[in-house]
Amino acid sequence: MGWIGLSDQSGGRLALSGLDVPQSKTVTPPHDCALMARGTLMIETRLSSEGRPQTLLAFSRSHPWSGGFSLQALPGGGIVLIETQAGDVRHATLPYRADDRTDTLRLTYAWDAPARWGRLSLERPEMDRVHSILLPPPHPMPLADLRTVLTDPRQRQMDPDVIFVALSTQIEPIGPMPGLSASVPVCTPRGYVPAGHLKRGDLVDTDEGQIVPVLQTVARRVPAMGSFRPVRLRAPYFGLRHDIVVSPQQRLVIRGSEVEYLFGCEAVLVPARHLVNGFSALFAETSDIVSYHHLLLPGHEEIIAAGTRTESLYIGRLRRNPDLLRASVLAEFDRARLPEHPRPIWPVLKPYEAITLAMNRAA
């Protein structure tokens, strides 16, 4: 089924038939003893600028048996997970280097109680990095607890820096993230084709005038919040022929005399979120869940999307990490047939650099 719960600081909802189903089509609330044996709990948060410990999410119960769950961020670097049920405690610490901190962290707790398997992952959306550990055999999660923690802010602890919490019935992938909405037109030898219609073996035009095959296509459905919140890029800015919707992390390739003057290189990569200014780029209105698609090309070539230049899917040396590959959107594909991408030759702009570039272009 996928995503069934979503919450922020003000509260949220749990929809057992899926967040895409209209709220008018209600489902009977779960019984207090109903259990969710398998799923994913995702939390996006900012780290404390004051270097204080953060209880990102915590809740407890006393009926029908005692138990609880907590996820905490330590100021020295570390994510601590504690999960208890009827006195049986599961505990794990995911370390990370404090000097690697970025504005946003995405934590993903995935569990499969019948398989006695669990995983805690930390992703930095701005840096394409993933840290992950396997967990002791997890307990199934009571659905009544999950409903309470998502819909009743009075019965949970949630740090003010938490951006959102989401719940899925599936083991959600981690790692490389697609970034184009299905309708984004991609230039091919037969004209522009929506990204969602392309498939393995199709040919696409690149910015260098080459024609290359699509090795794989990937798609993912995610909550439309935080680092997943879609961005609308408006024509005629960025060379666009018409508006397109992309993920905040999708990077555009921008060239020009201002780029050469400011950054000393022919081109730069600019994440779409850095371009949001209220007129040439703005956050798009959407439903709770959004779908993103992307194309895997042999050499991480630039593609032409509605007239602008943007990245194809970047996977680096993912094929050399079997564990991360199995956890990614590329898990079902033959590892031997996946390419290895060198680091992008163009620098990725930081927010203040993107603002400087935009100001120079407007001058």
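Visitor: Which side chains meet in a salt bridge at 2.9 Å, N to O?

Guide: Those of Asp-152 and Arg-154. A salt bridge here is a side-chain nitrogen of Lys or Arg within 4 Å of a carboxyl oxygen of Asp or Glu. This is a predicted model, where local features need pLDDT of at least 70, side-chain atom pairs count only at pLDDT 80 or more, and totals for chains, interfaces and linings use all residues. Residues are numbered from 1 along each chain as its sequence is written, and side-chain values use heavy atoms, leaving out hydrogens and water.

Visitor: Is Asp-152 buried or exposed? And Arg-154, buried or exposed?

Guide: Asp-152 is buried at 11% relative accessible area, while Arg-154 is exposed at 75%. Buried means under 20%, exposed over 50%, and partly exposed in between (1.4 Å probe, protein chains only).

Visitor: OK, how many salt bridges does the structure hold?

Guide: There are 21. One of them joins Asp-145 to Arg-61, with the closest N and O atoms 2.3 Å apart. That pair links distant parts of the chain, 84 residues apart: Asp-145 sits in helix H1 (residues 143-151) and Arg-61 in strand S5. Helices (H or I, at least four residues) and strands (E, at least two) are DSSP runs, numbered from the N terminus.

Visitor: Which residues are linked in a network of salt bridges?

Guide: Asp-207, Arg-255, Glu-266, Glu-302 and Arg-309. Within that group, Glu-302 and Arg-255 meet at 3.3 Å, N to O.
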